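Dear colleague,

My notes on what was found in it follow directly after.

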Amino acid sequence: MDIGSTEMMIVMQESATGEDVDRILERLDSAGARGHVSTGDLATVIGVVGERDVIAGLPLEAYPGVDKVVPILKPYKLVSREFRRSDTVITVGGTSLGGGHVALIAGPCSVETREQLLEAAVSAQQAGATMLRGGAYKPRTSPYAFQGLGVEGLEILAEAREATGLPIVTELMDPRHLEAVAKYCDIIQIGARNMQNFQLLSAVGEVSRPVLLKRGLAATIDELLMAAEYILKEGNANVILCERGIRTFEMATRNTLDISAVPILKQRSHLPVVVDPSHAAGKVDLVEPLSLAAIAAGADGLMIEMHPTPEIALSDGAQSLDPGQFARVSKRIQDIIDWAGKTLG
Ligand code: PEP
Ligand code: MN
């Protein structure tokens, strides 16, 4: 076995102390490697990423408190279930996602006006949503389509959080906007089209805001996990994976919701998984069945597009529920959350 592999896990003994862990982190640091600590129910594990030769030369097994040193053979390391057995739970603004907590994220595709967003936010909250979504920077297929309100949109989102208490999820497309987006939002969304924008991934890895990472239009499950690895590698462990449909030959829907991605991601990774039935289906009447299927398959959350007046939406109106439809779908979703033995938020 190639013990000189660049990535490995140091499994600490149950009796290991904080000082034992710190001693190892300092040693790794001085050797130019990086240790990522995961505190599990039974044991603390340190994931090590660094130069192969350097790590191989460190007598890590000899350090006090170390139980064993095990190479991680999967291509993704820090996101893997091997590295962390227990589910990652992400908590923002008093509401949680993962480990039995299901998030219901709702709101329009784009922030269009103050009135539109505030109306959407209040309707979402009244119907049981636990977080508010809305894009201020929009990745549009056509350069002539509405591109989003930018900073003005972020300010409107922050106002909606003030009014409703709902944490904000919004998309970041360009590292130059990172500071502004991180300042206003609670969760940074990386869109499907940027799933393999590695510089953007590394940039959000360096901030403390949780990241909702959407699966690329033609990305495999392992490519999604490798993209998440870029974020964790920089130190940000709060990543949410999002299945939003992939391109297939099937033309009946906008994309094909890969429902099997949900249990597979949960087997392979400790990160929470959210499903976006709106972009998967592209149609209002498919949002409910796909939402129910997602929760039944083990998803930790849903991201649903909802607009006060979908018929005049500037983007994705055809897949956006109106407030009445959202309230009805939300009830069914809450029933299936109960059935799954989980809690909303
Ligand atoms: C969105 O959430 O509005 C969006 C653009 O999604 P995706 O990146 O999945 O297409
Ligand atoms: Mn959209």
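**Ligand 1 and its surroundings**

Ligand 1 is surrounded by 13 residues, of which Arg133, Ala192, Arg193, Lys214 and Arg244 are the closest; a residue counts as near a molecule or strand if one of its heavy atoms lies within 4 Å of it. Please note that this is a predicted model, in which local features need pLDDT of at least 70 and side-chain atom pairs count only at pLDDT 80 or more, while totals for chains, interfaces and linings use all residues. Residues are numbered from 1 along each chain as its sequence is written, chains are lettered from A and ligands numbered from 1 in the order in which they are written, and side-chain values use heavy atoms, with hydrogens and water left out.

Several polar contacts (pairs of N or O atoms within 3.5 Å; within protein, one must be able to donate a hydrogen and the other to accept it, and residues adjacent in sequence count only if both atoms are side-chain atoms) involve this ligand. A side-chain N or O atom of Arg244 lies 2.6 Å from an oxygen atom of ligand 1, and for Arg133 the corresponding distance is 2.7 Å. Glu305 places a polar side-chain atom 3.4 Å from an oxygen atom of the ligand. On its own, ligand 1 exposes 300 Å², and the protein buries 97% of that (areas by the Shrake-Rupley method with a 1.4 Å probe; for residues, only the protein chains shown count as cover).

Cys109 lies in the loop between β7 (101-107) and α3 (114-126), and Asp316 in the loop between β14 (301-305) and α11 (323-339), so the pair ties together parts that are 207 residues apart in sequence. Helices (H or I, at least four residues) and strands (E, at least two) are DSSP runs, numbered from the N terminus.

Both Cys109 and Asp316 are buried, where buried means under 20% relative accessible area, exposed over 50%, and partly exposed in between (1.4 Å probe, protein chains only). Asp316 has a positive phi of about 55°, although it is not a glycine. Most residues other than glycine have a negative phi.

**Further loop residues**

- Leu271, in the loop between α8 (261-268) and β13 (273-275), is buried at 0% relative accessibility.
- Gly191 belongs to the loop between β10 (187-190) and α6 (198-205) and is buried, at 3% relative accessibility.
- Leu58 is in the loop between α2 (52-56) and β4 (66-71); its relative accessible area of 10% makes it buried.
- Arg84, in the loop between β4 and β5 (90-92), is partly exposed at 21% relative accessibility. Arg84 and Gly245 are 161 residues apart in sequence, and their C-alpha atoms are 27 Å apart.

With kind regards
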